[in-house]
Amino acid sequence: MIRACVSGITGWAGAPIARAIAGADDLELASGVSRSAAGTAFEDIGAPVFGTVAEALADAGADVVVDFTDAAAVKEIER
(Lines give C-alpha, C1' and ligand atoms only; values in the text may rest on other atoms or scores of the structure.)
Protein backbone atom coordinates (compact mmCIF):
# COMPACT_ATOMS: atom_id res chain seq x y z
CA MET A 1 0.00 0.00 0.00
CA ILE A 2 1.45 3.37 -1.03
CA ARG A 3 0.67 6.23 1.36
CA ALA A 4 0.17 9.58 -0.36
CA CYS A 5 0.02 13.19 0.77
CA VAL A 6 -1.75 15.70 -1.50
CA SER A 7 -0.45 19.24 -1.32
CA GLY A 8 -3.26 21.54 -2.42
CA ILE A 9 -5.88 19.08 -1.18
CA THR A 10 -8.72 21.62 -1.02
CA GLY A 11 -8.14 23.03 -4.50
CA TRP A 12 -10.14 22.52 -7.68
CA ALA A 13 -7.81 19.74 -8.85
CA GLY A 14 -6.28 18.59 -5.56
CA ALA A 15 -9.61 17.51 -4.05
CA PRO A 16 -10.56 15.11 -6.89
CA ILE A 17 -7.01 13.75 -6.93
CA ALA A 18 -7.28 13.07 -3.18
CA ARG A 19 -10.65 11.33 -3.68
CA ALA A 20 -9.17 9.18 -6.44
CA ILE A 21 -6.24 8.19 -4.23
CA ALA A 22 -8.61 7.33 -1.37
CA GLY A 23 -10.69 5.16 -3.71
CA ALA A 24 -7.76 3.26 -5.22
CA ASP A 25 -7.09 -0.29 -4.07
CA ASP A 26 -3.32 0.13 -3.86
CA LEU A 27 -3.13 3.68 -2.44
CA GLU A 28 -3.96 5.30 0.88
CA LEU A 29 -4.59 9.01 1.43
CA ALA A 30 -2.30 9.60 4.42
CA SER A 31 -2.71 13.37 4.65
CA GLY A 32 -3.17 16.61 2.81
CA VAL A 33 -1.74 20.10 2.86
CA SER A 34 -3.74 23.32 2.78
CA ARG A 35 -2.83 26.45 4.70
CA SER A 36 -6.47 27.55 4.87
CA ALA A 37 -7.76 24.16 6.10
CA ALA A 38 -4.91 23.16 8.43
CA GLY A 39 -6.11 21.35 11.52
CA THR A 40 -9.15 19.80 9.85
CA ALA A 41 -9.84 16.47 8.18
CA PHE A 42 -10.42 16.04 4.45
CA GLU A 43 -14.12 15.60 3.73
CA ASP A 44 -15.63 12.32 4.92
CA ILE A 45 -12.38 10.48 4.15
CA GLY A 46 -10.89 11.81 7.37
CA ALA A 47 -7.28 12.27 6.29
CA PRO A 48 -5.66 15.00 8.40
CA VAL A 49 -4.88 18.32 6.73
CA PHE A 50 -1.71 20.19 7.69
CA GLY A 51 -0.45 23.68 6.98
CA THR A 52 2.86 22.59 5.45
CA VAL A 53 4.31 19.56 3.69
CA ALA A 54 6.95 19.24 6.42
CA GLU A 55 4.24 18.96 9.10
CA ALA A 56 2.28 16.45 7.05
CA LEU A 57 5.29 14.23 6.51
CA ALA A 58 6.42 14.43 10.13
CA ASP A 59 3.00 13.72 11.62
CA ALA A 60 1.26 11.43 9.14
CA GLY A 61 4.09 10.03 7.05
CA ALA A 62 3.76 9.32 3.34
CA ASP A 63 5.64 7.48 0.64
CA VAL A 64 4.87 10.11 -2.01
CA VAL A 65 3.72 13.72 -2.17
CA VAL A 66 1.44 14.80 -4.99
CA ASP A 67 1.86 18.55 -5.33
CA PHE A 68 -0.97 20.38 -7.06
CA THR A 69 -0.18 23.92 -6.02
CA ASP A 70 1.60 26.74 -7.82
CA ALA A 71 5.30 27.12 -8.63
CA ALA A 72 5.91 29.63 -5.82
CA ALA A 73 4.61 27.16 -3.23
CA VAL A 74 6.88 24.40 -4.54
CA LYS A 75 9.92 26.65 -4.31
CA GLU A 76 9.13 27.21 -0.62
CA ILE A 77 9.02 23.44 -0.01
CA GLU A 78 12.56 23.04 -1.37
CA ARG A 79 14.02 25.31 1.32
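A residue counts as buried when its relative accessible area is under 20%, as exposed when it is over 50%, and as partly exposed in between (1.4 Å probe, protein chains only). The model described here is predicted, so local features need pLDDT of at least 70 and side-chain atom pairs count only at pLDDT 80 or more, whereas totals for chains, interfaces and linings use all residues. Residues are numbered from 1 along each chain as its sequence is written, and side-chain values use heavy atoms, with hydrogens and water left out.

Let us begin with the sheet. Strands pair if DSSP finds at least two bridges between them. Strand 1 (residues 2-7) runs parallel to strand 2 (residues 27-33), with six bridges between them; Ile-2 has Leu-27 as its bridge partner in strand 2.

Two salt bridges are present, each defined by a side-chain nitrogen of Lys or Arg within 4 Å of a carboxyl oxygen of Asp or Glu. One joins Arg-3 to Glu-28, at 2.7 Å from N to O. Because Arg-3 lies in strand 1 and Glu-28 in strand 2, this pair ties together parts 25 residues apart in sequence. Arg-3 is partly exposed at 25%, as is Glu-28 at 32%.

Glu-43 and Arg-19 form a salt bridge as well, with their closest N and O atoms 2.8 Å apart. Here Glu-43, in the loop between strand 3 and strand 4 (47-50), is linked with Arg-19 of helix 1 (residues 14-23), 24 residues away. Glu-43 is partly exposed, with a relative accessible area of 42%, and Arg-19 is partly exposed at 40%.

Definitions and conventions. Helices (H or I, at least four residues) and strands (E, at least two) are DSSP runs, numbered from the N terminus.
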